[in-house]
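Visitor: Could you walk me through the aromatic rings in this one? Let's have the structure up before we start.

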Amino acid sequence: MKEHLVDDIIKTKIAVLDNIYPAELPAPDLLWEMLVVRRSQKHKRKRILWRVAASLLILVVPAVVLTISFHKTNSASTERFSNLTTSTPAKEALEYISRFCAGNNISCASPAVRELQQDLKESSTKLSEINLQIQLYGSDARLIRAKTRIENHQTRVIKAIVQTL
Amino acid sequence: MRNWITIFFTTLTILHVSRPLGAQSVVQTVNRTTTKNIPIAPNEILNIIGEKTSIILTGWDKNYIQLKITFSATHADKKIALQELEFMHYSLARDKRTIELRNAFIFPSKVDQIRSKLEVLIEIMFPSANHLILKNKYGDADVRNLSGKIDGDLEFSDLFISHVSGEITMRSSYSEIRGDHILVSSFVSEDEESKYRLELEKGSYLFSSKHCDLDLAVNDVESIIIDATRTDVTLHPKEFGSCNYQLLNKEGKIYLPSQHTSAIKKEGKESSVMLKSKPTNPLINIKTTFNTITIH
């Protein structure tokens, strides 16, 4: 009974509203059509925006990834060359020699060891010269070869010192 | 939307996989070449002073020098390559009896790093009997068909000599000298931290070596004297019995063919060999320390 009453009230209200629909506005059917068209245009704009964003993403992200990896490769190779002054075993050998000779061991004063230490000192000077050249010219193959020769020589000299002590 | 995501990840994958190939970016090389003919009298000297240079010198029977110098700069950006090409120079000067050819790298003061790969190539045709002085640092040289005097001064350089006679004096450090068909009248070398690989056909040889590695094939030489410290010496005579040997090694070892090992004498830390097959045989006199003497 109560539900019927509510229905009647709603129907009465709708009829009243229908009567007061402004005459200057387009017919309700046309209005709906316009709303549907406007809605689809909005969707189209959204779709275009998404497409542009996706295209930018496709172009920019790989470029950034490639640039970062390029820089990493370059700095890794520079780091590799700049760390080639003395290998870890040679460094350990030099530390051993320093510790051994810190106690004024008689072997350290021998002419053979002194000569080898002088040799090492002279080759270090040449190594510094080559490192400066490499800083200027980059990883020039000839300069790298020169550096390798000195380092090989230094390794042999260090070995000779250790064997003599 | 799903399609776009698929395209994005596919592109990323392709770019990632092709990265090693992509890393080989296209490089541009620019060159500048100079060619000259230079008259030279028989008693005149060519003095070449090279730095980071490749030198190819061949003897010929004409009475002038044919010179070709090529400067190259390589970089991905041609503008940079062209700019740095201008940093390479050469000079050619005549002073009394000497013609001096020199190359140099000259940079503006604001330049603290070279971005291109710079190369210098000097190609020379040279009268074979004339006197040549060759100084090279961080470079390499190929010298052939010369019969005049050669003076070499090498630092961190490689040298190949072939079909050379006349007199050779060599000073080298951290260098490698290789050669064949060496028919000199005399060869005098003072070297340190260098490597020699030579095929000696004729002449007298004197090596003063320190921290070196000498590997010599010996044919019809007159004498070989090696006064060395901490140097490995390896000799390959055409026949062991074709030479006389005077070998001394302090703190090091001597190796002979197995049938001659009994000739090695040891006194304390010294090993020595004295072998004279025939008085007319050429003398091989080697002294070294700590390293090894090997006669094959």
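**Rings and charges**

Guide: Ring pairs join Tyr137(A), Phe87(B), Phe105(B) and Phe107(B) into a cluster. Bear in mind that this is a predicted model, where local features need pLDDT of at least 70, side-chain atom pairs count only at pLDDT 80 or more, and totals for chains, interfaces and linings use all residues. Residues are numbered from 1 along each chain as its sequence is written, chains are lettered from A and ligands numbered from 1 in the order in which they are written, and side-chain values use heavy atoms, with hydrogens and water left out.

Visitor: How many aromatic pairs are there over all chains?

Guide: Rings of Phe, Tyr and Trp (its six-membered ring) pair if their centres lie within 6.5 Å; planes under 30 degrees apart are stacked, over 60 edge-to-face, and the rest tilted. Searching the whole structure on that basis gives 12.

Visitor: What kind of pair do Phe156(B) and Tyr174(B) make?

Guide: Their ring centres are 4.8 Å apart. The planes meet at 10°, so the pair is stacked.

Visitor: Are Phe156(B) and Tyr174(B) buried or exposed?

Guide: Buried means under 20% relative accessible area, exposed over 50%, partly exposed in between (1.4 Å probe, protein chains only). Phe156(B) has 2% relative accessibility and Tyr174(B) has 3%, so Phe156(B) counts as buried and Tyr174(B) likewise counts as buried.

Visitor: Which charged end sits over the ring of Phe290(B)?

Guide: For this, NZ of Lys or CZ of Arg must be within 6 Å of the ring centre and within 35 degrees of the ring normal. Here the charge is 3.8 Å from the centre, and it belongs to Arg230(B).
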